[in-house]
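Dear colleague,

I am passing on the structure that I have been looking at, and I would be grateful if you could look it over beside the notes below.

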There are 2 protein chains.
Amino acid sequence: MAPTSEILTAERILEATEEVLRRHGPAKATVVDVARALGVSHGSVYRHFRTKAALREAVTKRWLDRTSLTLAGIAAGDRDPEARLREWLSALFEAKRHKAGDDPELFATYSVLAEENGTAVGEHIADLAAQLTRIIAAGTGSGAFSVPDPAAAARAVFHATGRFHDPCYAREWTAPGIQEEFTAVVDLLVRGLRP
Amino acid sequence: MAPTSEILTAERILEATEEVLRRHGPAKATVVDVARALGVSHGSVYRHFRTKAALREAVTKRWLDRTSLTLAGIAAGDRDPEARLREWLSALFEAKRHKAGDDPELFATYSVLAEENGTAVGEHIADLAAQLTRIIAAGTGSGAFSVPDPAAAARAVFHATGRFHDPCYAREWTAPGIQEEFTAVVDLLVRGLRP
DNA sequence: GGAATGACAGATATTGAAATCTGTCAGCTG
DNA sequence: CAGCTGACAGATTTCAATATCTGTCATTCC
């Protein structure tokens, strides 16, 4: 089960940590568990990550980066900016909603990790805001949108749609009518961006 | 300290409960504490409130109603709808921000109460949304706004400004630049409401 | 010699017994 | 007799002893 033959890398530790977090949850996942899963002593884990907090932060970053990547594909698309904006926001909502709905425990686990890694989350949000900025800037270029500051508008759009991507609202994502709420907010924002 | 002379009313119990919650916090405030503060036995409290949960819900409702009342004054004002909308949203944000900033512990206490009383919060939100609906409907009447469904638009505006009134964002209300973020979101929404 | 180990000290979490609390109700009291 | 009390059973919380974990480092092992 635990291949001691392979070299111990940061990558393998991160994978084992994700598995331990999935199995035990954020409160009970220990460094000793991770070491056990890898068939090494916990001292070896500390050779690659200075503290438990650093290990958890690295796992959090990996998780956040995976979402960023999917959305980056949409942001870089060639559809007209308004459609791209709607698609991007829908994709973000869909992704979050499915993660929360398919495996609530795992989602709760990563929500806890996100809570304790404000910095990593901040960078992730900055990354997403940058993607939004590119879409909105493309819109101002093509005349589809008209805003004084695309970056500020992007942050505003991101904040205004928080209800549909912030984990603290996860429990409401299964409520009936949530899709209509989402559409209503996006429609209002898109109208606000147009000339 | 505890005037046993007066008649024990639901009102007096609610006041004592607020005081106990303020002193001990939501986790340690017990029905026995409330009874002690009133100089009566805890059995008497149960004569007015069937359960501890019912008592806490009543306190929550009172607290929420106090906010609703202040805002109702603005919603019923006679300024032009756009100014009234901006004023109403600013007042909501200001009220929350001050409550959270002036006495963080009390705010945290009431946030916990709100968490456990989803129904009361739901009614409060419906109430606020109704106030917003009145403002927006006035705007569609005067031609300041143009929306197909004022009630839906009101909900959308309320949800889109969640970052500036939902307790789960309280920690960000002291961040520098929050006022600019607020203005950016409100500007975007107001533009979206205009014809 | 570079990577891994495991014993260790201090910090944190778990556990189960004791204390407190919730909700009820028969009876007291004014 | 309407309102209040206080004893009670079962649920929940507290607390201190016990166990586990984190992070270090001298030592071991290829």
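This is a predicted model: local features need pLDDT of at least 70, side-chain atom pairs count only at pLDDT 80 or more; totals for chains, interfaces and linings use all residues.

Residues are numbered from 1 along each chain as its sequence is written, chains are lettered from A and ligands numbered from 1 in the order in which they are written, and side-chain values use heavy atoms, with hydrogens and water left out.

**The interface**

Between the chains, 22 residues of chain B are in contact with 22 residues of chain A (contact meaning heavy atoms within 4.5 Å). The two chains bury about 1,900 Å² between them, 58% of it on carbon and sulfur atoms, where buried area is the accessible area (1.4 Å probe) that two parts lose on being put together, summed over both. On the chain B side, the residues that lose the most area to chain A are B:His159, B:Leu188 and B:Arg191, which together make up 33% of what that side buries.

The count of salt bridges between chain B and chain A is 2 (a side-chain nitrogen of Lys or Arg within 4 Å of a carboxyl oxygen of Asp or Glu). One of them joins B:Arg171 to A:Glu115, with the closest N and O atoms 3.3 Å apart. Helix H8 (150-160) and helix H9 (178-193) of chain B each supply at least two residues of the side that touches chain A, and the largest share of that side, 8 residues, comes from H9(B); helices here are DSSP runs (H or I, at least four residues), numbered from the N terminus.

**The relation between the copies**

Chain B can be laid on chain A with an RMSD of 0.1 Å by a turn of 180° and a shift of 0.0 Å along the axis, the superposition being by least squares on the C-alpha atoms of residues with pLDDT of at least 70 in both. That is the relation of a two-fold axis, and the same surface serves both copies, since 100% of the contact residues of chain B recur in chain A.

**Helix H8 of chain A**

Helix H8 (residues 150-160) of chain A is mostly covered, with 8 of its 11 residues buried (under 20% relative accessible area, 1.4 Å probe, protein chains only). Among the buried residues are A:Pro150, A:Val157, A:Phe158 and A:His159. What covers the buried residues of H8(A) includes helices H5 (81-102), H7 (118-142) and H9 (178-193) of chain A, together with H8 and H9 of chain B.

With best wishes

Technical notes
Buried means under 20% relative accessible area, exposed over 50%, partly exposed in between (1.4 Å probe, protein chains only).
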